[in-house]
Amino acid sequence: MIFLLAGHSKYDSGAVGVDIRQENNETMRLRDLVAAELTARKISFVTDSDSDSLSSVLKKIKTGSGSVVLDIHYNAGPASATGIEVIVGDDASAADKLFAADVLEAATSTLKLRSRGVKKESDTPRKRLGVMRENGRVCLIEVCFITSRSDMSALDANIGELAQRLADVLIKHENLTT
């Protein structure tokens, strides 16, 4: 089963970027576009709710060894910061790393932004991420820098294609688990 998560809810704005764009709105927007792609292809999936907190999401989703979990986020930093990175658990399996690499390639080739690589959760400022405790293939994408005007312009110009490419990756990895 595919689990598609927006990293922030309507009650947790996350980072605020260029033109006062909020991370929660951007994560929900991309999640909904990927969900529409999966629906159009008649693929079963589960999403979080716009009002879910992280703890409620983690309690609600029932992942298993055949699950594919994508958690969508945006990075924040100085206006000059740019690029895309994907996070895996410190105990990531080869399958997790392959999934993360495919997500990263889909995003970098679509948005034409630099790869910041696949990183372990301990390399992030938070050091430990709750979603990494889920079963199956799990990764978290930092789509781009919400604080970078050029990154957000690249996203806006290509978000539909990005949603299609991420749906492709989710379907591919779900098929690999069955």
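**Exercise 1. State what share of the contacts with a separation of 6 or more comes from residues 24 or more positions apart.**

Contact means heavy atoms within 4.5 Å. Among contacts in the protein with a separation of 6 or more, 80% are between residues 24 or more positions apart.

The model is a predicted one: local features need pLDDT of at least 70, side-chain atom pairs count only at pLDDT 80 or more, and totals for chains, interfaces and linings use all residues. Numbering starts from 1 along each chain as its sequence is written, and side-chain values use heavy atoms, with hydrogens and water left out.

**Exercise 2. List the elements of the protein in order and compare its radius of gyration with the globule rule.**

Step 1. Helices (H or I, at least four residues) and strands (E, at least two) are DSSP runs, numbered from the N terminus. The protein contains four helices and six strands.

Step 2. Read from the N terminus, the order is β-α-β-α-β-β-α-β-β-α.

Step 3. The radius of gyration is 15 Å, close to the 16 Å that the globule rule gives for 178 residues, so the protein is as compact as a globular protein of that length. The radius is taken over C-alpha atoms, and the rule is 2.2 Å times the number of residues to the power 0.38.

Step 4. The C-alpha trace spans about 40 × 30 × 30 Å along its principal axes.

**Exercise 3. Describe the burial, surface and charge of the protein.**

Step 1. Buried means under 20% relative accessible area, exposed over 50%, and partly exposed in between (1.4 Å probe, protein chains only). Of the 178 residues, 51% are buried.

Step 2. The accessible surface is about 8000 Å², and carbon and sulfur atoms hold 51% of that area. These areas come from the Shrake-Rupley method with a 1.4 Å probe; for residues, only the protein chains shown count as cover.

Step 3. There are 23 positive and 25 negative side chains, with the centres of the two sets 2 Å apart. Lys and Arg count as positive, Asp and Glu as negative, while His and the chain ends are not counted. Each charge is placed at NZ of Lys, CZ of Arg, CG of Asp or CD of Glu.

**Exercise 4. Determine how many disulfides a search of the whole structure finds.**

Step 1. The criterion is a pair of cysteine sulfur atoms within 2.5 Å. The search finds zero disulfides.

Step 2. For Cys139, the nearest cysteine sulfur is that of Cys144, 16 Å away. Cys139 has 0% relative accessibility and therefore counts as buried.

Step 3. Cys144 is likewise in no disulfide, and at 0% relative accessibility Cys144 is buried.

**Exercise 5. Describe the backbone and exposure of Ile20 and Lys42.**

Step 1. Ile20, in the loop between S1 and H1, is not a glycine but has a positive phi of about 60°. Ile20 is exposed at 69% relative accessibility.

Step 2. Lys42, in the loop between H1 and S2, has a positive phi near 60°. Its relative accessible area of 74% makes Lys42 exposed.
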